[in-house]
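Please keep the structure in view while reading.

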Amino acid sequence: MQSHVAEPPLGGTIDHILSVLPSLIPSAQRVARICAERPQEVVDMSGADLAEAAGTSPATVSRTSQALGFRGFQHMRMLLIRDLGAAAQDEEARPQGTEGWLLTLADGAAGLLRSSLASVDPGAFDAAADAVARAPRVLVVGTGGSHPAAQAVAVNFIMNGRSCEAPSDGVVQQLTASVLGPGDVCLVVSSSGANSVTLASAAAAADAGATVIGVTGFARAPIAEHADLLLVGGARFQAWDRGTLGSGLVQLLLLTALQIAVAERMTDAAEKARAAVREEVLGIVAEDMPAESAEPGGEPDAAIDVRDGTAER
């Protein structure tokens, strides 16, 4: 049990609580869930009040607060007060109707992203970037709701000079993981950290001796049993629709950060790859443009004919 951790950033207290909640014992989960789902009530409670609401003891409330990484219940309560105050200020003068709803959704996403990477261990992140940059072979796996983010980061790796494999089929992912070796990397993307199909690939990669990097939303998820390095990006799952949105945004942000860090460690390869991709895209665009695209009475638009490298850009 931790005595305390660094305070979550503004707006990040609930995300932090939810990232640790699944690993707690049932009585502590009840306490944590009330804090995450009813913060407006919790800020007016004493430890004894919260214990009564959760059907447990004040001692359990204290232990839960410490297990969540806070110094105690009052420390957690003050952080919730801070976050609720900031949120109330953001709500002022917001338009009504659809315009206000769209702004609320965008602001919620922005707030989530601001706080989502606070739980990422900088040392683990740097070690993960180093491992991916030097690995002879990189496999990216992710299924279900995490599949789009896994595929997206694989594309970004390739476009920035880091070759990798990212099969779509879960069975192929597991088979590929089983033939990795020491020095290779298996990047495992799973919001819950408990997807059985994804865990099978992680286990296969670990058994093969590869370095397993887990990207998840929960600090003590089952994926931790197989991962050499764990990158935890907190996300809220209070409602399925918003949880899905939050999870996808956080995954993309964290994986993009990792990809950028890898590219910085592979400067020459990244610059060469980006140049090749840029030229390829320009060539594709030029081929798709109609041949008669020219200024009236003049030569064809030079900006269109880019394949010989002489056009202005």
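In this predicted model, Leu 139 has Cys 186 of strand E2 as its bridge partner. Strand E2 covers residues 185-189 and is joined to E1 by four bridges, the two strands running parallel.

| Helix | Residues | Strands touched | Angle between directions |
|---|---|---|---|
| H8 | residues 122-134 | E1, E2, E3 (211-216) and E4 | about 120 degrees with E4 |
| H11 | residues 196-207 | E1, E2 and E3 | about 160 degrees with E2 |

The sheet itself is open and consists of four strands in the order E1-E2-E3-E4, with parallel pairing. Strand E1 (138-141) and strand E4 (229-232) each have a single partner strand and stand at the edges, so one side of each has no neighbour in the sheet. On average, neighbouring strands of this sheet are turned by 15 degrees against each other, direction ignored.

The loop between E3 and E4 contains Ala 221. Is Ala 221 buried or exposed? Its relative accessible area is 7%, and a residue counts as buried under 20%; Ala 221 is therefore buried. Leaving aside residues up to four places away in sequence, Ala 221 touches Ser 192, Gly 193 and Thr 216. Ala 221 also illustrates how sequence and space can be compared: Ser 23 is 198 residues from Ala 221 in sequence, while the C-alpha to C-alpha distance between these two residues is 7.0 Å.

Methods
Residues are numbered from 1 along each chain as its sequence is written. This is a predicted model: local features need pLDDT of at least 70, side-chain atom pairs count only at pLDDT 80 or more; totals for chains, interfaces and linings use all residues. Side-chain values use heavy atoms; hydrogens and water are left out. Two strands pair if DSSP finds at least two bridges between them. Axes are lines fitted to C-alpha atoms, for helices over the stretch in contact, and angles run from 0 to 180 degrees between N-to-C directions. Contact means heavy atoms within 4.5 Å. Buried means under 20% relative accessible area, exposed over 50%, partly exposed in between (1.4 Å probe, protein chains only).
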